[in-house]
Amino acid sequence: MAATEQTIKQVNTLGNSDYKYGFSTEVDEIRPPKGLNEEIIKFISAQKDEPEWMLEWRLNAFKVFNKLPKPQWAKLNIPEIDYQDCYYYSIPKSLKDKPKSLDEIDPEILKTYEKLGIPLKEQKMLSGIAVDAVFDSVSVATTYKKQLSDLGIVFCSISEAVKTHPELVKKYLGSVIPVSDHSFAALNSAVFTDGSFIYIPEGVRCPVELSTYFRINAMNTGQFERTLIIADKDSYVSYLEGCTAPMRDENQLHAANVELVALDNAEIKYSTVQNWYPGDKEGKGGIYNFVTKRGACRGKNSKISWTQVETGSAITWKYPSCILQGDNSKGEFYSVAITNNMQQADTGTKMIHIGKNTSSKIISKGISAGKANNTYRGLVNILSKAKNARNFTQCDSLLIGNQCGAHTVPYIESSNSDSMVEHEATTSKINEDQLFYCQQRGLNSEDAVGLIVNGFCKEVLQHLPMEFAVEAQKLVAISLEGSVG
Amino acid sequence: MLEIKNLHVSIEEKKIIKGLDLSINKGEVHALMGPNGSGKSTLSYVLSGKDKYEINDGTIDYNGKNLLELDVDERANEGLFLAFQYPMEIPGVQTSFFLKTAINSKRKYLGQSEMDALEFAKLMKSKAEELNISTEMLKRDLNVNYSGGEKKKQEILQMSMLSPKMAILDETDSGLDIDALRIVSEGVNKLRNSDNSFLVITHYQRLLNYIKPDFVHIIADGKIVKSGDYSLALELEEKGYEEISQTA
Ligand SMILES: Nc1ncnc2c1ncn2[C@@H]1O[C@H](COP(=O)(O)OP(=O)(O)OP(=O)(O)O)[C@@H](O)[C@H]1O
Ligand SMILES: [Mg+2]
């Protein structure tokens, strides 16, 4: 049998049993009734003990949401979402009264994170990585807090920051993604539940990786992540998020808003390894991943770099972007998006050049297998004041089999004649002769595909923090594998 | 070791191998020579299991197994190795990583545990040194921007690390400079023992001065037209294919 043919067959037999993180955790939940309305927003705000200004901000966002149409531009087949048929808040009862220490946390929840490879207990903590663990609508625990606060670094859940650092939250929340940006952004602003907050003070280089692990557990529950990262002048931070969810037949929604702000000479490196449950091979179930991520390079010489490895979700819709306001600021986007079976991904980036001498770099690697569709959608916009702006874009697509699709939609708008924009794009099928060569050296067809695809993605994967690069490589191979046999 | 009987192979309806018999015993080195397009590489691909070739007739026995029933990777892990006439480039995959993956694939197949990282590093270093391959080279992507000769040396490095039972060398000597030819031949000779066998495909008798074959076969138009010992290579050098095939 032809090597590719065999691989396709194996890929096609990939059942959901191969999703390693598909278990769910038995916990008693606090969960108000289904439906989206002002009452539920008030309930969320009250649960979190929020100050009045925060509630007003949410209610205003809800008004905006009701007026906005659903975004239409993605090349996705999105079933009508019934916002009234979804829960907006779910937390384990045991987490209601803010556990003071890990000993007070339901052992089932701690076990969940351990199973996911994210131990939260002091003696087992991952070295060199501080973790904020979000379970459905609430942050469970944040590690290394004390060590970080000694440096003046704030790393906590956004719910906590609203209370402990209101001045920072008021100043920056919604300053990069306006509430009225589009309907998912408004929805998130109205009902966001948890996510991380990071503030790196002037002149501080954060000595460890900061990371958040998002876990969806409860059924029929949307997760509305909100993350805000501020890097003050001359500071540096590297942040990583990971995501998993149980296997369920219904679709679930994860709608996130992530805002980054880099001031003068600051650098933020933001990495994502997204492995939400993709649904089964017929396309039943899976997470709808609608994410708005945007970074503002406000200061001169600032830099924001996005690296993403997107392997999960039934539908992925995300465009991590950079607004290059400060002179000499830099934006980067490194992306691997893998779709298999019935998965759909529409992802890319926006680079908005405003300041002088701003530069951006986009490297996108899309891999499609099965009957999946994968689209790169990007916008490079160079405004008239952005003298001497530079962009380099490279989009490569790899197809495995004959039933999948890859699309590249790059928009370039330049209002400045000094600027320089370069774009390269390729689409290719996985090379039979390379597969044969690897198999002649003893690799089975799945390992051969994994190896070649990892090679194809190397330029992107090498930008991940070292601790995660190996995991990501395995994930790339696994997401294309079928059960061996 | 290897017993090919009455092999007929075609590709896209075109007959390439037309009744080929070849028997290779343990510990033997066979040389296969023949004009361009006579079917030498085709034979090496059929032996290693590349698809799109249609086997119209014949049998191939490999150590008591029906070779034609084994998958490509099974054949490899059962000790069959092909040094490619045109080795493939694999962008983004470090050469050393590729070697490690290959070795561990074989160990997994044989039910052994993965090779210890240190042990692997030592093995690679010593084998690379023997072949005069620099450690810098091993950090580069597999075969990407390697020169023609460097690619051939890489094939021999892979061979010596995997220590196959049956190695097929398809024109490994083409593109090698004089020193490299000697080094590569020494590599082959070092590996040679009473348990393994080689099928050396070449156009040049010079290689056979270094790797002394037990048998020399001449293939023309998909058939072996003459077999003999080392002296046949010398005779060929003198007379050329045309005359030799006629006297067959
Ligand atoms: N895919 C193919 N389709 C059609 N003909 C093919 C194909 N592959 C090989 N051939 C033909 O089969 C014949 C044998 O090719 P092969 O590569 O085995 O020759 P060779 O003996 O190795 O030659 P050389 O000494 O030049 O390497 C040639 O005529 C070649 O053109
Ligand atoms: Mg040939």
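In this predicted model, helix 3 of chain B crosses helix 6 of chain B in a right-handed sense. Helix 3 covers residues 95-109 and helix 6 covers residues 148-162. Their axes lie 10 Å apart, and the packing angle is about 35°.

Look at the residues in this contact. Helix 3 of chain B supplies Thr95(B), Phe98(B), Leu99(B), Ala102(B), Ile103(B) and Lys106(B). Helix 6 of chain B answers with Gln154(B), Leu157(B), Gln158(B), Met161(B) and Leu162(B). By class, seven are nonpolar, three are polar and one is charged.

Ser41(B) sits in helix 1 (residues 40-48), while Gln85(B) sits in the loop between strand 6 (80-83) and strand 7 (90-94). The pair therefore ties together parts of chain B that are 44 residues apart in sequence. Gln85(B) is buried, at 14% relative accessible area.

Now turn to the nonpolar cores. In soluble globular proteins, nonpolar side chains tend to be buried together. The largest core here holds 95 residues. Ile367(A), Val453(A) and Leu2(B) touch the most other members. Helix 10 of chain A (residues 445-461) gives this core its largest share, nine residues.

Take Val453(A) as a way in. Leaving aside residues up to four places away in sequence, Val453(A) touches Ile367(A), Leu398(A), Ile400(A), Ile430(A), Val476(A) and Leu480(A). A second core is separate and has 37 residues. Among them are Leu260(A), Ile287(A), Ile304(A) and Cys395(A).

Definitions and conventions:
Residues are numbered from 1 along each chain as its sequence is written. Chains are lettered from A and ligands numbered from 1 in the order in which they are written. This is a predicted model: local features need pLDDT of at least 70, side-chain atom pairs count only at pLDDT 80 or more; totals for chains, interfaces and linings use all residues. Side-chain values use heavy atoms; hydrogens and water are left out. Helices (H or I, at least four residues) and strands (E, at least two) are DSSP runs, numbered from the N terminus. Buried means under 20% relative accessible area, exposed over 50%, partly exposed in between (1.4 Å probe, protein chains only). Axes are lines fitted to C-alpha atoms, for helices over the stretch in contact, and angles run from 0 to 180 degrees between N-to-C directions. A crossing is left-handed if the near helix is turned anticlockwise from the far one by less than a right angle, and right-handed if clockwise. Contact means heavy atoms within 4.5 Å. Ala, Val, Leu, Ile, Met, Phe, Trp, Tyr, Cys and Pro count as nonpolar, Asp, Glu, Lys and Arg as charged, and the others, Gly among them, as polar. A nonpolar core is a set of buried Ala, Val, Leu, Ile, Met, Phe, Trp, Tyr and Cys residues joined through side-chain atoms within 4.5 Å.
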